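Subject: A structure for you to look at

Hello,

Here is the structure I promised to pass on. Please open it beside this email and follow along as you read.

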Amino acid sequence: MKNLDWLSKKSTIKKLWIGFIFVLIITLVFQFFYPLEGHFKIEKLFGFAAFYGFISCFIMIIIAKALGVLLKVRENYYD
């Protein structure tokens, strides 16, 4: 695996957060011009797609953290 030290730098993390917030704002602005036509009433609410995406990512992160704790092995497991 290549060296990914740049990904853990504070400046990179700040840039990623700014990028994610920018994409979220753009998603909300586009919904003014192109309203969503969902199958259910909740899908027609303003900002539902952004909120749903945020909650989905949050749940995936929680599950990944839980799996990391459950599947962790000792440091000297292969010794």
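Which helix gives the most to the lining of the largest pocket? It is α1, with 8 residues. Before going further, please note that this is a predicted model, where local features need pLDDT of at least 70, side-chain atom pairs count only at pLDDT 80 or more, and totals for chains, interfaces and linings use all residues. Residues are numbered from 1 along each chain as its sequence is written, and side-chain values use heavy atoms, with hydrogens and water left out.

The pocket

A pocket here is an open set of points on a 1 Å grid over the protein atoms alone, where a 1.4 Å probe fits, with protein on both sides within 12 Å along at least five of seven lines; lining residues have an atom within 4 Å of a point. The largest pocket has a volume of about 560 Å³, meaning the space filled by probe spheres set on the points, which are joined across faces, edges and corners. Its lining has 14 residues, and Trp17, Phe20, Gly53, Phe54 and Cys57 lie nearest the centre. Both α1 (10-33) and α2 (48-71) supply at least two lining residues each; helices are DSSP runs (H or I, at least four residues), numbered from the N terminus. The lining has 12 nonpolar residues, 2 polar and no charged. In this scheme, Ala, Val, Leu, Ile, Met, Phe, Trp, Tyr, Cys and Pro are nonpolar, Asp, Glu, Lys and Arg are charged, and the others, Gly among them, are polar.

The aromatic pairs

Rings of Phe, Tyr and Trp (its six-membered ring) pair if their centres lie within 6.5 Å; planes under 30 degrees apart are stacked, over 60 edge-to-face, and the rest tilted. By this rule there are 2 aromatic pairs. The rings of Phe32 and Phe46 have centres 5.0 Å apart and planes at 35 degrees, so this pair is tilted. Because Phe32 lies in helix α1 and Phe46 in the loop between α1 and α2, the pair ties together parts 14 residues apart in sequence. Phe32 is exposed at 61% relative accessible area, while Phe46 is partly exposed at 48% (buried is under 20%, exposed over 50%, partly exposed in between, with a 1.4 Å probe and protein chains only).

For Phe48 and Tyr52, the ring centres are 5.7 Å apart and the planes at 25 degrees, so that pair is stacked. Both residues lie in helix α2, 4 residues apart, about one turn of the helix. Tyr52 is exposed, at 53%.

Happy exploring!
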